[in-house]
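Hi,

Here is the structure I said I would pass on.

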Amino acid sequence: MSEASQAKPRVPTPYEALGGEGGLRRLVDAFYDAMESDPAFAELRRIHAPDLTPMRARLADFLSGWMGGPAVYAARHPGRPCVMSAHADFPIGQAEAEQWAACMRKAMGVADVPPAWIRPLDEAFSRMCKAMRNA
């Protein structure tokens with residue numbers, strides 16, 4: 001048996017599975033659109049600035065590297081490379097953390113995230129949300 005036939009197929013990163021930057025931007029836009037329009041995410045929306053445009057860019061940049069794409073966050077947003085320190089000034093309790101995860105679940109459905117990636121991403125996002133709680 002040759003080495004090529006023994007090699008395991010390469011599993012795409014979540015970034016690749018979403019379709020690269022375009023798919024990632026669709027996910028981020030769906031997330032913030034849901035946050036702005038769905039009253040179920042009111043507490044989460046309240047802790048954000050009125051203009052979500054900068055946050056859309058920051059989340060897309062962070063998720064790019066986090067999902068296995070280009071690691072652009074630190075270069076584009078110097079001073080707070082750690083997601084925890086970037087959120088330290090915002091009161092994030094259980095309600096906000098749960099709303100963030102629920103909002104992202106909704107966004108994954110809107111942005112057509114491949115079904116095989118929904119559960120693993122949801123579990124990873126939920127872990128991240130629990131770690132972000134500070135109130």
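Below is what turned up, starting with a pocket and moving on to a pair of helices.

One thing to keep in mind: this is a predicted model.

The pocket first. The largest one holds about 570 Å³ of space. Its lining is made up of 25 residues, and if you want to centre a view on it, His48, Met55, Val83, His87 and Met132 are the ones nearest the middle.

Where does the lining of the largest pocket come from? Four helices each give at least two residues: helix 5 (53-66), helix 7 (83-86), helix 8 (94-110) and helix 9 (115-132). Helix 5 has the largest share, with 6 residues.

Helix 5 also packs against helix 3, which spans residues 21-37; their axes come within 9 Å and cross at roughly 135°. The two are therefore oblique to each other, and the crossing of helix 3 past helix 5 is right-handed.

As for who touches whom, the helix 3 side consists of Leu24, Arg25, Val28, Asp29, Phe31, Tyr32, Asp33 and Glu36, while helix 5 brings Met55, Arg56, Ala57, Leu59, Ala60, Asp61, Leu63 and Ser64. Sorted by class, that contact has 9 nonpolar, 6 charged and 1 polar residues.

Cheers

Key
Residues are numbered from 1 along each chain as its sequence is written. This is a predicted model: local features need pLDDT of at least 70, side-chain atom pairs count only at pLDDT 80 or more; totals for chains, interfaces and linings use all residues. Side-chain values use heavy atoms; hydrogens and water are left out. On a 1 Å grid over the protein atoms alone, a cavity is a set of points where a 1.4 Å probe fits but cannot get out, and a pocket is an open set with protein on both sides within 12 Å along at least five of seven lines; lining residues have an atom within 4 Å of a point. Grid points are joined across faces, edges and corners, and a volume is the space filled by probe spheres set on the points. Axes are lines fitted to C-alpha atoms, for helices over the stretch in contact, and angles run from 0 to 180 degrees between N-to-C directions. Angles under 35 degrees count as roughly parallel, over 145 as roughly antiparallel, 65 to 115 as roughly perpendicular and the rest as oblique. A crossing is left-handed if the near helix is turned anticlockwise from the far one by less than a right angle, and right-handed if clockwise. Contact means heavy atoms within 4.5 Å. Ala, Val, Leu, Ile, Met, Phe, Trp, Tyr, Cys and Pro count as nonpolar, Asp, Glu, Lys and Arg as charged, and the others, Gly among them, as polar.
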